[in-house]
Amino acid sequence: MPGKSEDRKNQVDNKQARNDKPQKDADVQKEKISGYKFSNGNILSNKQGIQAKNWNSRTEKNNHIKIEGENLDHNQVGINKNSKNKNFHKKNDNNKNDNNNNHNKKNDNKNKNKYVNGKRNLNDKPKLNKTDKNQQNCPVINKCGGCQLLHVSYEQQLKTKQKQVEGLLSKFARVEPIIGMNNPYHYRNKVHAVFDHDRKGNPISGVYEAGTHRVIPVESCLIEDEKADEIIGTIRGMLKSFKIKTYDEDTEFGLLRHVLIRKGYHSGEIMVVLVLSSPVFPSKNNFTKALLKQHPEITTIVLNVNNKKTSMVLGEKEQVIYGKGFIEDSLCGKIFRISPKSFYQVNTVQTEILYNKAIQLAGLSGKETIVDAYCGIGTIGLIASDHVNKVIGVELNPDAVKDAKTNAIRNNIKNVDFYNKDAGEFMRQMAVQNECVEVVFMDPPRAGSDEVFLNSVCTLAPQKVVYISCNPVTLERDLKYLVKNKYEVKRIIPVDMFPGTEHVETVVLITRVKE
């Protein structure tokens with residue numbers, strides 16, 4: 001489900017809260033990056049370098065699961081902003097247990113035959129077994145709507161996703177076994193909490209109930225980073241003593257709207273973003289000192305002002321009140337700057353697998369010119385830069401392009417150029433100028449690409465297209481267009497980037513048909 005603007009690909013977050021030579025080069029890059037010291041003093045060890053430098057050894061060593069299975073829909077849950085009823089749910093967070101391997105198999109069987117042609121019968125909601133361990137550990141599973149598959153075992157989740165991708169894409173080529181996680185819990189390095197208050201005026205934080213704007217209190221989540229949840233709980237507990245009111249969407253009164261936490265998986269750096277309805281934050285300095293006293297591991301704190309009546313989380317104005325205003329983390333051996341609005345994949349472990357797999361599929365020789373379309377902060381292009389002659393990154397979001405250029409300088413990469421332009425129009429201009437591009441990497445938002453962009457790809461006519469998709473439904477549509485225009489699908493590999501949810505990433509190798 002990947003860099004690009006945060007507002008495009010991760011729409012749920014905005015409402016609620018994307019051959020041997022490359023592997024050999026990756027080994028060399030690992031040695032270069034090992035020992036790097038992050039600003040918070042953490043050292044990137046050899047073990048933390050490129051975690052997916054060799055996929056075959058990684059699969060065997062870490063027992064990644066590859067399974068086939070059952071169909072599932074890929075629709076998004078809407079938010080009804082007009083709903084005014086507040087229905088708060090008390091959370092019991094006892095008996096935390098990350099192991100769900102003892103799931104009752106009868107539940108798995110009940111979910112079979114509930115899907116037709118890759119689509120879920122939306123009127124047939126799963127009945128949760130009261131003894132299911134994930135349900136016991138997540139009392140809001142029936143209300144949150146974020147983890148549609150948490151009620152079944154992880155093995156069954158992978159079967160479900162495998163079957164869905166097969167149902168949609170097997171007409172093009174064989175769908176290879178899905179690549180799952182060894183530990184499918186607490187993987188999200190980005191955590192968002194919406195703040196509100198209960199009927200007694202006590203501050204609460206959590207997520208919107210599925211289909212509404214009622215806030216469901218959540219103290220901890222099975223898929224979110226545990227330290228992030230802890231910091232959010234601390235902030236919630238500080239509000240009364242600092243006389244800070246939570247924002248009310250109906251009355252538009254109150255100060256604190258959201259808290260966003262971003263954590264570097266390898267660096268350990270932590271960013272806290274306080275989203276306020278006003279730039280005036282009383283006792284700002286004292287609040288910062290109190291928060292840092294309880295969580296000295298925080299490396300930066302940013303105030304974001306969102307004074308509009310909107311479902312978007314972040315506003316336009318920002319003020320750094322502690323630290324640098326950004327964090328850094330490594331991905332596939334490169335260092336990336338992550339700011340509050342940067343798109344950065346939320347599952348670092350699986351992202352390293354996904355991107356290394358994409359580069360491997362491209363079969364790069366070191367002589368190619370490649371285009372990284374929808375490049376965001378430059379993750380794919382910069383990671384591929386060691387394996388090609390030249391990288392051209394194109395992105396419409398100006399802030400993302402600025403971060404991409406900074407990341408290129410940060411990693412001392414000279415063979416990359418980034419452009420703040422529409423990728424489709426840019427490639428059409430390249431075709432008019434008879435420029436040669438061997439490979440196009442495309443990583444569009446959940447809505448997929450569009451015919452204008454796909455037409456520009458066909459006009460530019462690269463020998464290979466590597467398509468990274470977070471939605472197999474729109475991927476199917478786009479592949480149909482490419483296949484009708486002198487391309488053929490060679491390989492399809494699903495990757496489970498979002499355990500517990502219905503979403504699945506898929507990387508596809510597409511080659512031009514020889515005339």
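I began with strands S3 (residues 190-197) and S4, which run antiparallel and are joined by 4 bridges; I count two strands as paired if DSSP finds at least two bridges between them, and I take helices (H or I, at least four residues) and strands (E, at least two) as DSSP runs numbered from the N terminus. The model is a predicted one, in which local features need pLDDT of at least 70 and side-chain atom pairs count only at pLDDT 80 or more, while totals for chains, interfaces and linings use all residues. Residues are numbered from 1 along each chain as its sequence is written, and side-chain values use heavy atoms, with hydrogens and water left out.

**Entry on S4 and its neighbours.** I looked up the bridge partner of Asp196 and found Ile204, in S4. S3 and S4 form a hairpin with 5 residues between the strands, and Gly201 in the turn has a positive phi of about 90°. On to S5 (residues 215-217): S4 and S5 also run antiparallel, joined by 3 bridges, and Tyr208 stands opposite Val215 in S5. The hairpin of S4 and S5 has 6 residues between the strands, and there Gly211 takes a positive phi near 80°. I then checked burial, where buried means under 20% relative accessible area, exposed over 50%, and partly exposed in between (1.4 Å probe, protein chains only). In S4 (residues 203-208), 5 of the 6 residues are buried, so this strand is largely enclosed by the rest of the structure.

**Entry on Lys243.** I placed Lys243 in the loop between helix H9 (226-238) and strand S6 (256-263), and its relative accessible area of 74% makes Lys243 exposed. The C-alpha atoms of Lys243 and Pro282 are separated by 9.0 Å, although these residues are 39 apart along the chain.

**Entry on the cores.** A nonpolar core is here a set of buried Ala, Val, Leu, Ile, Met, Phe, Trp, Tyr and Cys residues joined through side-chain atoms within 4.5 Å. The largest one has 104 residues, of which Leu169, Val371, Phe453, Ile492 and Ile510 touch the most other members. Helix H11 (residues 348-362) gives the most to this core, with 8 residues. A second, separate core of 25 residues includes Phe195, Leu255, Val259 and Ile301. I also listed the contacts (heavy atoms within 4.5 Å) of Leu169: leaving out residues up to four places away in sequence, Leu169 touches Val175, Pro472, Leu475, Glu476, Leu479, Ile492 and Thr506.

**Entry on the whole chain.** I noted 16 helices and 18 strands, and 59% of the 515 residues count as buried.
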